[in-house]
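The following note is meant for a colleague who is meeting this structure for the first time. Its numbered points go from the whole chain to single residues.

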Amino acid sequence: MKLNMRKGVFIFLFAFFSVSLAFSQTIIKGSVKDAVSFQSISNVSVTIEETEETVLTDILGEFIFSTNVPLGEQVLRVSKLGYFTQRYPIVVNENQVVNITDITLERDLTSSQDLFTITLSDDELDNDASAADNISGLLSSSLDLFQRTAAFEFSSSFFRLRGLDSENGTVLINGIEMNKLYNGRPQWNNWGGLNDVVRNQELTVGLTPSAYNFGGILGTTNINVRASQARSGSRLTYSSSNRSYTNRLMATYASGLLKNNWAFTIALGRRWGNEGFQDASLYDSNSIFASIEKKINDKHSINFVSIYAPNRRGKSSPNTQEVYDLKGIKYNEYWGWQDGEKRNSRIKEVVEPIFMLNHFWDMSSKTTLNTNIGYQFGKIGDSRLDNNGTNLVNGFPEGGGANPSPTYYQKLPSYALRNFPDNTSVAYGLQQQFLNNGQIDWNSLYQANTPSSLNGGNAIYLLYEDRVDDKQLTLNSILTTELSENIILNASVNYRSLKSENFANVLDLFGANTFLDVDAFATNIDEAQNDLLNPNRLVTEGDKFRYNYNLFANVLNGYAQAQFKYNKVDFYLSGSISNTQYQREGLYQNGGFADNSFGKGEKQSFTGFGTKAGLTYKISGKHLLDFNGGYITRAPSLRNTFSNSRENHNVVPNITEEKIASVDASYIFRSPTVKAKLTGYYTKITDANEISFFFADGVGGDNTAFVQEILQGIDKKHLGGELGIEAQVTPTIKLKGVASIGQYTYDNNPNLILTTEADDESIAAGFVNGFKDFGQSSLKDYKLAAGPHRAYSVGFEYRDPDFWWVGATANFFTNTYIDVSPLTRSSNFNTDFDGNPFADYDEDLARDLLKQEKFDDYMVINLIGGKSWKIGDKYIGFFASINNLLDEVYKTGGFENGRNANFRQLRDDKALDTPVFGSKYWYGRGTTYFMNVYLRF
């Protein structure tokens with residue numbers, strides 16, 4: 001990077017030199033700030049050229065050299081990813097202090113990180129399927145090579161850092177937590193399409209200390225959207241892709257801090273497309289952002305932020321291998337043709353505006369207090385088809401229609417081969433019908449409903465949505481104070497209050513006028529009522545039905561943290577405490593749970609605490625050792641507290657706080673040309689809970705039931721190592737390599753409980769009052785379905801002085817496992833209806849049947865490149881990426897089908913060449929592209 005002579009001379013002439021006779025020590029110290037916002041920049045690398053001395057700036061942007069300081073004329077090299085590197089000449093005299101304050105760095109607008117941020121937030125992060133959960137967004141602003149690679153190269157394979165879910169990392173906007181209380185995960189859709197205004201992020205990784213909150217074991221990301229700290233100017237962007245959407249437009253204007261002490265940032269965005277890589281995966285999203293700040297005086301500023309990003313997108317289905325073999329990896333069962341257009345039955349709609357007011361108080365030059373209030377409300381809707389519409393016949397509901405899913409097991413060739421093995425023409429006919437059609441027949445739904453309606457009956461089919469309407473208030477206050485030159489204190493207190501309305505909402509009756517709101521599978525008329533207070537209720541489009549309840553949550557937490565920084569050692573201590581309360585309020589009296597569904601249930605209260613500490617030992621400027629350890633107890637999420645919240649007040653039996661113990665140790669090497677980090681880690685999670693819902697065959701013998709599966713008291717173990725190394729072999733060429741080697745397993749045999757409605761069928765299956773404890777599920781040492789347990793990447797970057805660049809990476813993934821079924825590994829698997837083991841049970845065969853599926857290894861090659869031009873005071877930039885250049889076909893995840901719940905069911909099904917109830921999978925995308933062009937002025 002060229003020497004900025006004017007700035008160098010300026011700082012050289014005006015640098016403040018002071019002599020400290022008391023200590024008689026030679027010191028170089030200073031601070032680094034952003035050239036536009038003039039805010040402190042942490043983790044900036046400051047190197048004394050031609051020496052091994054390198055330090056990083058702290059959270060206040062300050063640095064200090066106090067050992068092995070060379071005398072005479074020296075040059076400081078100041079660099080950070082995303083900024084232009086600067087070099088500053090200084091003169092060092094013995095026993096004097098060289099104090100260089102407010103070194104400024106300008107942002108590098110050509111940084112390829114810009115492309116990565118866009119592709120992440122618009123693409124992978126929009127996928128909320130549990131099998132696709134990842135933490136890429138928590139890493140996209142990281143300086144660490146390993147973290148960046150995990151975010152940018154591994155995310156399409158749904159790699160999870162250290163095998164952990166995103167609930168273990170915290171996302172904040174202006175200090176306000178965005179993780180959902182329902183499942184602990186951030187809802188990235190809430191600020192999608194606003195890349196230009198959310199790129200200013202402050203990241204801590206793992207247990208390392210954050211100035212905003214205690215954080216989780218995957219760290220904290222704070223998105224800074226203060227208007228006064230946005231880069232002033234305007235930007236127009238157009239993008240094209242075949243991943244999630246096909247087109248995107250964005251416009252952003254930031255005033256910076258004006259002379260009247262006001263600052264404004266406004267952004268508009270639109271993303272749309274009829275389908276992405278998967279068939280009929282429509283995308284329709286608009287985004288509006290405004291941030292207004294008033295600097296009242298030198299000590300006080302107030303900032304108001306509003307974010308409105310409504311979006312609709314069509315989901316894509318996991319499928320069995322039989323379906324993929326017939327239709328390919330782009331196949332999606334959720335859609336069908338209607339009036340010449342593709343109509344998707346599974347639409348996810350998110351409309352949750354965010355408003356926040358932030359007060360920033362510089363109490364002194366050493367102390368700041370940030371107080372925030374945030375309010376978020378709106379809706380999340382997930383639509384689906386229902387084929388169980390009924391009419392009252394002699395006072396009892398009767399009816400229902402054929403399952404409209406084109407992949408319903410009775411419509412596939414495997415079903416015919418199992419049930420009609422001597423008549424292959426049946427299987428051939430189903431195969432040809434699926435190949436030629438294989439999508440939802442929307443017209444048939446109208447044709448079934450219309451005659452029923454004309455004869456005074458109700459709808460057989462309907463389209464409805466599962467709705468969640470949240471209202472959440474957040475209040476917090478965050479304190480940072482520099483107690484001395486070596487000690488920084490952080491503290492905060494935070495309160496969150498949630499009211500979550502949950503109900504089913506009728507969207508489309510397909511030509512009918514009414515739908516009978518009862519449970520079509522119930523065995524008596526009272527149990528059939530979804531609401532005993534309104535029996536046999538007829539609903540129309542726009543009505544609530546089936547279930548209707550509120551969830552309340554109140555969380556109060558606080559933390560305190562001290563950071564100590566010395567010449568050879570930095571260390572920190574941090575502690576947190578929290579109280580969480582949940583309560584369910586039923587608005588319907590469910591017929592299956594008449595005494596335990598209506599009104600407010602019992603409050604559930606949890607107390608959590610956390611403690612963590614870390615130490616960095618600086619062997620020299622090039623060699624460092626870093627250690628972190630923590631122990632956290634936390635409340636279970638709302639999702640994993642109530643076992644069947646749609647119908648009753650029941651909670652997971654013996655529920656308690658989850659416990660997490662985590663340690664890691666790193667060796668860090670850094671020089672002007674080579675940077676490397678080697679990390680080993682161990683994490684143990686205990687007393688976790690998981691709840692799932694499915695239809696099971698072979699429960700308590702040959703019985704069938706729709707069940708809620710409660711896996712209680714789960715222990716998990718995560719251990720492994722991480723390596724990242726990059727070398728600037730020439731001024732323009734950088735080589736890089738990354739490896740992640742992990743093993744993520746169940747570490748005990750948790751307890752398995754099934755619940756269902758207390759009807760005749762459940763009694764026959766051995767349930768008592770709809771409850772059955774199966775004892776332990778033998779899961780110990782089974783691998784967790786956490787994406788690839790091992791991932792490797794090698795690549796290069798070429799950055800030309802004429803502002804164009806190219807890069808390529810080869811990424812290798814191994815040890816990816818299917819999500820196993822706990823029920824088939826419980827006592828139910830080998831137990832007949834009479835409670836005795838199956839007479840024909842074969843342990844060797846059972847062991848083979850229960851062996852966990854391991855997916856094939858694969859390699860993905862990605863390319864990236866771009867070019868920028870400066871025309872006067874304007875910038876024009878173009879960049880593009882191609883992912884999976886060789887069109888590799890690979891599985892990213894999947895789950896076993898829980899319908900084969902016992903030995904006989906599973907044995908008979910797997911004996912077929914193509915199982916009827918085979919596992920379902922997600923496949924990675926084939927070759928995809930992303931192109932972006934922008935104008936900045």
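Predicted model: local features only at pLDDT ≥ 70, side-chain atom pairs only at ≥ 80, totals over all residues.

1. Secondary structure. The protein holds 48 strands and eleven helices.

2. Overall dimensions. Along the principal axes, the C-alpha atoms of the protein occupy a box of roughly 100 × 60 × 50 Å. The radius of gyration is 30 Å, which agrees with the value near 30 Å that a compact globule of 937 residues would have.

3. Burial and surface. Of the 937 residues in the protein, 57% are buried. The accessible surface amounts to about 38200 Å², and carbon and sulfur atoms contribute 54% of that area.

4. Contacts along the chain. Among contacts in the protein with a separation of 6 or more, 71% are between residues 24 or more positions apart.

5. An open sheet of four strands. The order of the strands in this sheet is β4-β3-β6-β7, and their pairing is antiparallel. At the edges stand β4 (54-56) and β7 (86-92), each of which pairs on one side only. From one strand to the next, the twist averages 25°.

6. The pairing of β3 with β4. Strand β3, which covers residues 45-48, runs antiparallel to β4 and is joined to it by three bridges. Within this pairing, V46 has V55 of β4 standing opposite.

7. Residue D386. A polar atom of the D386 side chain lies 2.7 Å from the backbone nitrogen of N388. Leaving aside neighbours within four places in sequence, D386 is in contact with I460, Y461, L462, Y464, F515 and R546.

8. Residue V468. This residue belongs to strand β27, which spans residues 462-482. Its relative accessible area is 25%, so V468 is classed as partly exposed. When neighbours within four places in sequence are set aside, the residues in contact with V468 are G378, K379, I380, S500, E501 and N502. V468 and A504 are 36 residues apart in sequence, and their C-alpha atoms are 8.9 Å apart in space.

9. Most residues other than glycine have a negative phi.

10. The setting of N536. The residue lies in the loop between β29 (515-516) and β30 (538-539). With a relative accessible area of 27%, N536 is partly exposed.

11. Points to look at in the model. The reader may wish to locate the β4-β3-β6-β7 sheet, and then the side chain of D386 beside the backbone nitrogen of N388, at 2.7 Å.

Definitions and conventions
Residues numbered from 1 in each chain as written. Heavy atoms only, no water. Pairing = 2+ DSSP bridges. Helix = DSSP H or I, 4+ residues; strand = E, 2+ residues; numbered from the N terminus. Axes fitted to C-alpha atoms, helices over the stretch in contact; angles between N-to-C directions. Rg over C-alpha atoms; globule rule 2.2 N^0.38 Å. Buried < 20%, exposed > 50% of the residue type's maximum accessible area, 1.4 Å probe, protein only. Contact = heavy atoms within 4.5 Å. Areas by Shrake-Rupley, 256 points an atom, 1.4 Å probe, with all protein chains shown as cover. Polar contact = N/O pair within 3.5 Å; in protein donor to acceptor, adjacent residues only side chain to side chain.
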